[in-house]
Amino acid sequence: MKSHLQPFLHYLSGDKGLSPNTLESYGRDVSQFLEFAEERGAVQPEEIRRSHVMLYLGSLRGAGRATATLNRNAVSLRAFFHYLLKERLIEQDPTLDMETMKPDKKTPMVLTISEIEQLLAAPDVNTPQGMRDKAMLELLYATGIKVSELISLNVNDVHTDMKFARCTGTSGKERVVPIGTIAAESVAAYISHMRDKLLRDQQEEPAMFLNSLGGRLTRQGFWKIIKKYAREANIEQDITPHTLRHSFAAHLLEGGADLRSVQQMLGHADISTTQIYNGIARKNMKEVYESHHPRAR
């Protein structure tokens, strides 16, 4: 059945214009499901029944996968069977009218300001890689942008003199975000003193942040970088690049920023997505009150 996978991904890329990261997720989800179905005797697309799909999603839930992961798998399978139906490879869609599960409302993990300072101080700025990493971490925390937006930045997207950056979200929508003084200085120092040392012979490379071969740094590369500095900073939490985005939002609200401005900086289409950070800020305010008010206890 996997012979249908590549034509399906070509269809998504050509007709739907999905990004490489999304295509990778669709391909992985569908491939794993097909293996699951084949192990249960369904070796042709028309042999797959709704029970195979429900059993597979149930196995993911039993393995402790989050509701968001289950829904992403369901979306991938719906798209795959819709494609097979369109190509007349099946006569019935086993995912037809399959309901979407309500997502879990988990509280985002944020670092304390002290932990942020430890993390941002970890890179050795005397090396090209260390100066690059310092600039990336500072920029991520200063702007709240996603890691995909960070590694997509070109040199001419960041204006350290005017203290703003122009980034493009996964939907292709562009937005301008402000940069703090410390982040602007870190990026300017990286560009002035260290970026050329990473360029090697890739003189035409427009990317802001470069890997050791002089090309654009990848998301996977940055994941390794942030994990490394988290260990060096003795941060016990299992942080990801998104942890800095969560921390950015929570610390802004805690400091008195209005919700609408934070929504715009994060690029959220719906303000309800941003409101989850309000709860964190209120919790932290309560902790501050109980720690410092003489009659709080």
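**Confidence along the chain**

Begin by colouring this predicted model by pLDDT. Select helix α12, residues 271–292: confidence in the chain is lowest here, at a mean of 68. Then select helix α6, residues 128–143, where confidence is highest, at 96. For the chain as a whole the mean pLDDT is 88, and 93% of the residues reach 70 or more. Where pLDDT is low, the predicted coordinates should not be read in detail.

**The whole chain**

The chain contains 12 helices and 3 strands. Its C-alpha trace spans about 65 × 65 × 35 Å along the principal axes. The chain has 297 residues, of which 44% are buried. Among contacts with a separation of 6 or more, 56% join residues 24 or more positions apart.

**The largest nonpolar core**

Which residues have the most contacts inside the largest nonpolar core? Select Leu150, Leu153, Tyr190, Phe209 and Phe222; these hold that place in a core of 54 residues. Another core, of 29 residues, lies apart from it; Met1, Leu12, Val53 and Leu60 are among its members.

Now centre the view on leucine 153. Beyond its neighbours within four places in sequence, leucine 153 is in contact with Leu139, Ile145, Val158, Arg166, Cys167, Ala207, Met208, Phe209 and Arg216.

**Glutamate 149**

Move to helix α7, residues 147–152, and select glutamate 149, which has its place there. With neighbours up to four places away in sequence left aside, glutamate 149 is in contact with Cys167, Thr168, Gly169 and Arg175.

**The loop between β1 and β2**

Next, select the loop between β1 (158–159) and β2 (164–168), in which lysine 163 lies. Phi of lysine 163 is near 60 degrees, a positive value in a residue other than glycine. Lysine 163 counts as partly exposed, at 34% relative accessibility.

Methionine 162 lies in this loop between β1 and β2 as well. Methionine 162 is exposed, with a relative accessible area of 60%. Draw a distance from the C-alpha of methionine 162 to that of lysine 134: the two residues are 20 Å apart in space and 28 residues apart in sequence.

**Helices α6 and α9**

Select helices α6 and α9 together. Two packed helices are described by the angle between their axes and the distance between the axes. Here the angle is about 90 degrees and the axes are 11 Å apart. The two helices, α6 and α9, are therefore roughly perpendicular to each other. To see the contact, show the side chains of Arg132, Asp133, Met136, Leu137 and Leu140 of α6, together with Gly130, and then Phe222, Ile225, Ile226 and Tyr229 of α9. These residues divide into 7 nonpolar, 1 polar and 2 charged.

Follow the chain onward to the loop between α9 (219–232) and α10 (241–254), where asparagine 234 is found. Asparagine 234 has a positive phi of about 60 degrees although it is not a glycine. Asparagine 234 is exposed, with a relative accessible area of 65%.

**Helices α1 and α4**

Now select helix α1, residues 5–16, and helix α4, residues 67–86. At what angle do their axes cross? The axes of α1 and α4 cross at roughly 100 degrees and come within 10 Å. It follows that α1 and α4 are roughly perpendicular to each other. On the α1 side the contact is made by Pro7, Phe8 and Tyr11; on the α4 side it is made by Ser76, Ala79, Phe80, His82, Tyr83 and Lys86. By type, the residues of this contact are 6 nonpolar, 2 polar and 1 charged.

**Phenylalanine 81**

Remain in helix α4 for the last stop and select phenylalanine 81, which is found there. Phenylalanine 81 is buried, with a relative accessible area of 0%. Leaving out residues up to four places away in sequence, phenylalanine 81 touches Phe33, Ile48, Val53, Ile90, Asp93, Pro94 and Thr95. One of these, isoleucine 48, is 33 residues from phenylalanine 81 in sequence and 9.9 Å from it in space, C-alpha to C-alpha.

Conventions: Residues numbered from 1 in each chain as written. Predicted model: local features only at pLDDT ≥ 70, side-chain atom pairs only at ≥ 80, totals over all residues. Heavy atoms only, no water. Core = buried A, V, L, I, M, F, W, Y, C linked by side-chain atoms within 4.5 Å. Buried < 20%, exposed > 50% of the residue type's maximum accessible area, 1.4 Å probe, protein only. Contact = heavy atoms within 4.5 Å. pLDDT = per-residue confidence, 0-100. Helix = DSSP H or I, 4+ residues; strand = E, 2+ residues; numbered from the N terminus. Axes fitted to C-alpha atoms, helices over the stretch in contact; angles between N-to-C directions. Parallel < 35°, antiparallel > 145°, perpendicular 65-115°, else oblique. Nonpolar A, V, L, I, M, F, W, Y, C, P; charged D, E, K, R; others polar.
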